[in-house]
Amino acid sequence: MTAATTPDTTVTGKAHYEVLDGLRGSAAVLVVLFHIMGMTVSWADTGQLLHHAALAVDFFFVLSGFVIAFAYDDRWKTMSTGQFILIRLVRLHPLVLLGAVLGLLSFVFDPFATNQKAIPLATVLVDFALICLMLPHAPLPNRWTDTHSLNSPAWSLLQEYIGNLAYALVLRRLGTKTLGLLVVLAGALLAWCAWDKNSLDLGSYWETLWQGTARMAFSFMMGLWLYRVRDRFPKIRLGWIAATIVLVAVFAIPLMPKDLPLFGPVFGPHANGIYEVSMVIVVFPLLILCGAHSQIPALEMALCKFAGRISYPIYILHYPFLLIYMNFVTFTKPPLQTAHIAGAAAFVIVVTFAWLAVKFYDEPVRNWLKPLTRKGKA
């Protein structure tokens with residue numbers, strides 16, 4: 001078999017969960033499509049086909065927890081906390097920095113949003129310095145109240161860093177029962193957030209910043225716990241294609257109306273939040289378990305490896321390109337057909353750039369930095 005059709009391995013020789021890598025790519029692509037459709041219709045739900053695709057972030061978090069436990073739980077006798085942090089920085093931060101650079105360039109040189117030119121360059125550069133450190137900054141024009149205006153997806157990477165740090169300092173030391181109890185408590189908090197806001201699309205705005213941490217806390221810890229207890233569940237297998245169809249279905253269900261008869265007058269105003277938190281607490285963990293237990297044919301393996309390889313760059317790098325597309329649609333008001341053509345072009349540009357970024361920036365930079373970790377590949 002060729003390298004493309006055999007599982008990759010970790011630094012300790014364990015085979016990757018290739019289906020899970022592929023699902024990460026599927027979710028990243030769905031996020032890009034969700035943002036393109038939302039920007040085309042000024043974030044109205046009419047015209048949006050992936051109504052709940054913001055939940056992809058929760059899927060990323062639970063997947064991250066599962067994979068972190070898989071890759072590092074058995075390495076702590078030979079790995080220090082500082083070394084773990086270095087490994088994770090080498091893995092994640094080069095693309096964070098590239099995303100920050102793209103965000104700066106797209107803000108300063110956007111030809112369609114003249115109101116952005118009124119912001120002093122010094123202000124923009126301060127924001128650029130902050131986002132390079134993953135720190136929130138004051139909203140900029142045409143960026144709503146985003147905590148990371150130059151590249152909005154960076155808000156979830158900040159939460160990822162918090163989760164990784166919590167794992168290194170505390171969570172890895174906890175027993176399975178204690179970790180499970182924390183998952184239950186975090187799930188209760190997440191359910192309250194969904195009930196209160198009737199949504200889980202929280203965390204990227206200043207108004208909901210702490211609720212982003214609540215989303216990460218449940219899903220990341222659920223992933224850690226799920227890895228520890230994975231063998232206690234029936235080994236239901238679901239390949240990448242079937243699992244991707246499930247993800248699409250979860251995201252494509254229409255928003256729940258507040259007068260939905262099934263939910264009645266008490267639960268009706270919270271129906272959408274109930275649906276979304278149910279997907280995060282029940283469906284996503286089951287989907288990851290099914291994917292982890294799956295074996296797939298060679299062609300599907302190759303597709304999963306490719307999807308996994310470009311998933312992170314697609315997610316962290318797509319927004320600066322789409323903001324230019326959004327401002328084109330917003331300020332020039334083209335015919336809908338023209339907007340659709342431009343949106344399709346933006347999608348192609350994002351995927352192409354993500355692949356080029358992997359080949360000619362991310363992997364070379366990580367290989368160059370690898371000796372800093374003193375423990376093989378990050």
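This is a predicted model: local features need pLDDT of at least 70, side-chain atom pairs count only at pLDDT 80 or more; totals for chains, interfaces and linings use all residues.
Residues are numbered from 1 along each chain as its sequence is written; local features need pLDDT of at least 70, side-chain atom pairs count only at pLDDT 80 or more, and totals for chains, interfaces and linings use all residues. Side-chain values use heavy atoms, with hydrogens and water left out.

View 1. His51 is buried at a relative accessible area of 16% (buried is under 20%, exposed over 50%, partly exposed in between, with a 1.4 Å probe and protein chains only). Among the residues that His51 touches, not counting those up to four places away in sequence, are Phe34, Asp45 and Phe251, where contact means heavy atoms within 4.5 Å.

**View 2. The edge-to-face pair of Trp43 and Trp144.** The ring centres are 6.0 Å apart and the planes stand at 80 degrees (rings of Phe, Tyr and Trp, the last by its six-membered ring, pair if their centres lie within 6.5 Å; planes under 30 degrees apart count as stacked, over 60 as edge-to-face and the rest as tilted). Trp43 is partly exposed at 34% relative accessibility, and Trp144 is partly exposed at 34%.

**View 3. An aromatic cluster.** Ring pairs link Tyr17, Phe66, Phe70 and Tyr227.
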